[in-house]
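My notes follow, in the order I looked things up.

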Amino acid sequence: MTGRRPLRKTWWKTALGVFFTALMLFPAYWMANVSLTRTSDLRADPPHWFPWNPTLEGYAAVLEQQLPSLGTSLLVGLGCVALTIVVAAPAGYALALLNLRGGRALNFVLLVAQMIPAVVMAMGFYAIYVRLGLLNTVGGLIVADSTIAVPFGVLLYTAFMSGIPRELLQAARIDGAGAWRTFRSIVLPVSRNSTLTVALFAFLWAWSDFIFASTLNRNGDLIPITLGIYKYIGNNTTQWNSIMATAVVASVPAAILLVVAQRYVAAGVTAGAVKD
Amino acid sequence: MHDYTIRAFVQGNAEFVGFDKYAEVFGSTTFPTALLNTAVFTLVSILFQYAAGLALAVFFRSGFRLSGVLRAMFLVPWLLPLIVSASTWAWMLSSENGIVNSVLGAFGVPQINWLTSPDTALLSVIVANIWLGIPFNLVILYSGLQNIPGELAEAASLDGAGAWKQFWSITFPLLRPVSAITLLLGLIYTLKVVDVIWVMTTGGPGNSTTTLAIWSYREAFGTGQPDFSPAAAVGNVLILIALVFGFLHLQLQHRQEGS
Amino acid sequence: MQHTRRGPAALATTVALATATAGLLGACSAAAPDEASEGSSDTYTWWDPYPQHDESSDWAARVQQCGTDAGVTIERTAYDTTALTNQALLSAQEGTSPDVILIDNPAVSTLADTGMLSTVDELGLDTSAIDENLLAAGVAGGDAYGVPIGANTLAIYYNKEVLDAAGVDPAAVTDWASLTAALEKVTAAGSKGITFAGIGTEEGSFQFLPWFWGAGADLRELDSPEAVAAVELWKGWLDAGYAPNTVITNSQNTTWEEFLTGEYAFVENGTWQVNSAAEAGFETGIIQIPARDGGGAPAPTGGEFIVAPVQEDAERYEVTRQIVECMTTPEGFVETATTFAYYIPPTAEGQAALLEQNPELEPWVSAVQDAKGRTSDDLGTDYPIISEQLWTAVQNALSGAGSPEEALKAAQTEAETATS
């Protein structure tokens with residue numbers, strides 16, 4: 001499991017990796033294929049492997065109508081990441097390392113929180129937001145979406161932070177660092193991987209959320225892409241190529257963001273922030 | 001539990017019926033089918049999701065050219081709105097014009113009615129659900145692997161342990177807490193799955209892909225006559241199941257910490 | 001427009017789900033955020049299920065115009081069909097009902113049953129011009145709770161090229177036997193036969209009803225020999241390869257997409273595909289769905305009703321009535337008809353005006369005149385329960401989980417228990 005092996009020895013792994021990825025992404029390819037297919041060819045038998053007779057109608061509609069939604073989704077996703085980490089990291093730290101009373105009970109509550117159907121949460125938020133006037137605001141949606149990721153984030157941080165060697169913390173305490181400084185200068189940098197994971201989850205959940213968006217943000221000017229798609233599902237017709245085109249257009253920037261973010265963080269890790 | 005017909009809902013005068021609704025739910029002919037389907041759907045899904053996620057995490061952890069990019073690509077299924085991915089799966093598995101049957105047909109396999117035969121419908125929605133769940137498992141398990149110090153593995157390989165043995169005797173045990181939480185969360189999320197099954201089969205044909213969650217959804221929204229009482233009763237049964245496993249998890253965790 | 005669709009219905013968890021939540025939290029409270037929308041005296045709220053028509057659309061402009069004519073501003077909100085019903089129930093519970101709702105016709109009796117709708121008499125609407133069979137879907141316990149803004153129904157579209165190639169004359173398809181014979185000829189000539197939607201939702205029942213009623217069966221008796229004959233007809237087509245296996249999960253959209261490939265001779269579909277059929281890459285035509293022994297089978301009606309929820313302030317009804325009347329003039333009906341490709345006006349006058357503009361819609365007008373509301377026959381709120389059993393039975397029979405007799409017998413038992 002170390003680097004610096006001659007590349008010749010790992011090329012087959014790359015090949016295998018590409019193969020797995022291709023297999024995994026086949027449905028995504030199929031979606032892209034449909035996005036270019038004319039309605040009359042949608043259900044052709046046998047199906048067309050490749051859109052020989054493509055139409056760009058779907059993309060034209062999407063680029064014209066859906067770009068603001070895409071921006072909203074990105075904004076909500078990133079906002080949710082920030083909020084989740086700001087809340088979950090200190091909470092996980094407190095639970096894992098500060099020996100709080102009732103930590104176990106709290107842990108259980110967090111687990112139970114995952115079991116509550118999202119609709120129940122959405123209903124609660126609706127009632128509160130009506131009074132606070134937060135309906136149809138991006139901020140409100142970010143707060144709501146982060147309730148999916150925060151309990152999970154706390155659980156994950158707790159699980160990982162309890163694995164941090166106590167000696168590290170004791171050393172810091174001997175240096176006179178308080179709980180907060182220990183957290184900032186030792187625990188947080190060491191938990192970089194966990195932060196990445198939590199951030200990833202927060203982003204993906206916020207990105208794919210439908211229930212909160214449709215409950216809390218339905219009539220806003222800024223609707224996320226998961227709602228934007230419903231524009232193409234009319235009462236009696238379904239514009240498949242527009243739907244699929246929306247999904248393609250929406251997943252490309254998000255995928256790029258994921259790749260770039262991972263590279264960036266991975267670079268930070270190897271630059272020596274953490275010593276294994 | 002009140003008798004929540006929609007009239008009562010609007011007028012706010014639901015009649016208290018105690019546990020009658022539960023008795024109705026448990027006595028229904030749908031209940032055993034739904035319970036069995038839920039068990040099969042959930043267990044098979046999380047088992048395969050976990051196994052695939054773990055294998056892939058180990059694979060990507062070994063580091064090779066493009067591993068980072070490919071790993072990120074694995075998250076793409078998650079970025080797709082559920083209605084899109086579920087429809088795409090339904091499309092690919094369609095009996096007459098699906099790509100899967102078209103490929104199998106090229107090898108001489110006769111048409112398989114993936115979604116429309118009671119024998120294969122459950123299998124089909126499970127496959128789609130596994131596909132959806134792999135990214136989640138991969139992400140958590142990969143970050144779990146990252147937290148296992150490299151020296152341990154190196155020490156083991158100096159002792160001459162093969163990769164296989166090294167994995168089972170060192171990596172896997174160290175990964176146990178992360179595995180436990182992954183499986184538990186997987187269980188909780190899978191119990192709640194509605195969208196995928198609903199879009200692909202609406203719980204059919206007949207009741208062959210009806211899980212408890214689907215049943216609850218159907219009672220509440222799937223007919224023109226919303227009926228929330230049985231929906232809520234079934235929903236509560238689901239939460240109860242999740243709670244039992246939650247307790248079990250804590251119990252195990254407790255025992256582990258004790259030892 | 002027919003009742004539910006698959007994709008959206010699936011995910012139209014939406015605000016709607018909020019309703020369920022209230023159900024789940026159930027027992028305890030009926031608390032309402034009461035200061036929400038009280039509705040000022042010159043703003044009237046309007047809900048409809050047409051999110052595809054946004055604020056800049058002709059439809060929205062027409063709604064606004066009717067408000068302006070009545071001297072008020074209309075605040076329009078569009079939900080998708082499933083969400084709309086649930087949203088309506090939720091608002092009624094909170095006491096914040098809108099002034100006007102356009103709602104799918106089978107939902108009218110559901111809403112009326114909760115006591116949240118005012119009757120047309122209370123509103124002061126004159127419904128005498130409206131076709132009896134269409135108005136019936138909005139009648140519960142002898143009172144009418146709304147007026148249809150238009151109606152659509154099902155018929156069989158055919159692909160003329162495929163029929164010509166197989167030497168089938170569509171005019172000769174007059175009963176089940178001749179239809180099956182035509183299917184046999186078409187498949188023998190190498191094309192595909194017929195496709196329809198047997199999905200496990202209301203859409204499945206919607207598509208099955210013309211055959212069910214056409215056999216002479218009654219929704220109160222799902223296991224009658226007539227009902228069995230109708231299921232056996234579908235099952236027979238599947239077994240013989242005249243219909244594709246996909247029909248078991250097909251939504252009406254999917255069947256239409258299959259038909260557009262040009263491979264199929266027939267498809268069962270609705271008025272709303274008229275425009276799409278005209279643009280298809282082949283010549284199409286329609287025939288009425290035949291009854292078992294000849295003649296046209298009654299097909300179920302689709303389409304929205306305008307209803308007016310009960311308001312605390314009864315003064316509002318006067319303006320509401322003006323708005324409704326404005327939307328239901330003969331010219332209004334024709335405009336609605338073309339906006340939604342195509343709604344057949346529910347009045348003789350409206351139908352005449354429509355035919356003047358679009359004479360080719362004649363067969364649809366007669367199909368609508370023969371059609372029957374799903375909640376008619378005094379089924380009312382029992383209909384959704386029976387319908388669920390019906391589509392389940394059809395699914396079980398088609399997928400081979402049980403014989404038609406067994407499936408229908410089980411359905412009848414369940415339906416009887418649930419409605420008693």
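I started with the UniProt record for chain B, an unreviewed entry, which lists "transmembrane region" for residues 39-60, 72-92, 121-142, 174-191 and 231-250. Its positions are given in the numbering used here, feature names are shortened, and annotations may be inferred rather than shown by experiment.

Housekeeping, before I forget: this is a predicted model, where local features need pLDDT of at least 70, side-chain atom pairs count only at pLDDT 80 or more, and totals for chains, interfaces and linings use all residues. Residues are numbered from 1 along each chain as its sequence is written, chains are lettered from A and ligands numbered from 1 in the order in which they are written, and side-chain values use heavy atoms, with hydrogens and water left out.

I checked two of the listed spans. Residues 39-60 of chain B are 100% helix and 0% strand, with 31 Å between the end C-alpha atoms. Residues 231-250 are also 100% helix and 0% strand, and their end C-alpha atoms lie 29 Å apart. Helices here are DSSP runs of H or I, at least four residues, and strands are runs of E, at least two, numbered from the N terminus.

Next I picked B:Ala233, which lies in helix α14 (residues 228-258) of chain B. Is B:Ala233 buried or exposed? It is buried, because its relative accessible area is 0%; the cut-offs are under 20% for buried, over 50% for exposed and partly exposed in between (1.4 Å probe, protein chains only). Beyond its neighbours within four places in sequence, B:Ala233 is in contact (heavy atoms within 4.5 Å) with B:Tyr22 and B:Val25. B:Tyr22 is 211 residues away along the chain, yet the two C-alpha atoms are separated by 6.0 Å.

Then the interface of chain B and chain A. I found 62 residues from chain B and 64 residues from chain A in the contact. The buried area is about 6000 Å², with 75% from carbon and sulfur atoms; that is accessible area (1.4 Å probe) lost by two parts on being put together, summed over both. On the chain B side, B:Trp78, B:Leu79 and B:Trp91 lose the most area to chain A, together 14% of what that side buries.

How many salt bridges cross this interface? Zero, by the rule that a side-chain nitrogen of Lys or Arg must be within 4 Å of a carboxyl oxygen of Asp or Glu. Over all chains, the count comes to eleven.

I looked at three of them in chain C. C:Arg316 and C:Asp99 meet at 2.8 Å, N to O. This pair links distant parts of the chain, 217 residues apart: C:Arg316 is in helix α14 (residues 316-327) and C:Asp99 in the loop between α4 (81-94) and β3 (100-104). Both residues are buried.

C:Asp239 pairs with C:Lys235 at 3.5 Å, and the two sit four residues apart in helix α11 (residues 225-240), about one turn. C:Asp239 counts as exposed because its relative accessibility is 58%, whereas C:Lys235, at 17%, counts as buried.

C:Arg321 and C:Glu318 bridge at 2.8 Å, N to O. They are three residues apart in helix α14 of chain C, so about one helical turn separates them. Salt bridges that share partners join C:Glu318, C:Arg321 and C:Glu325 into one network.
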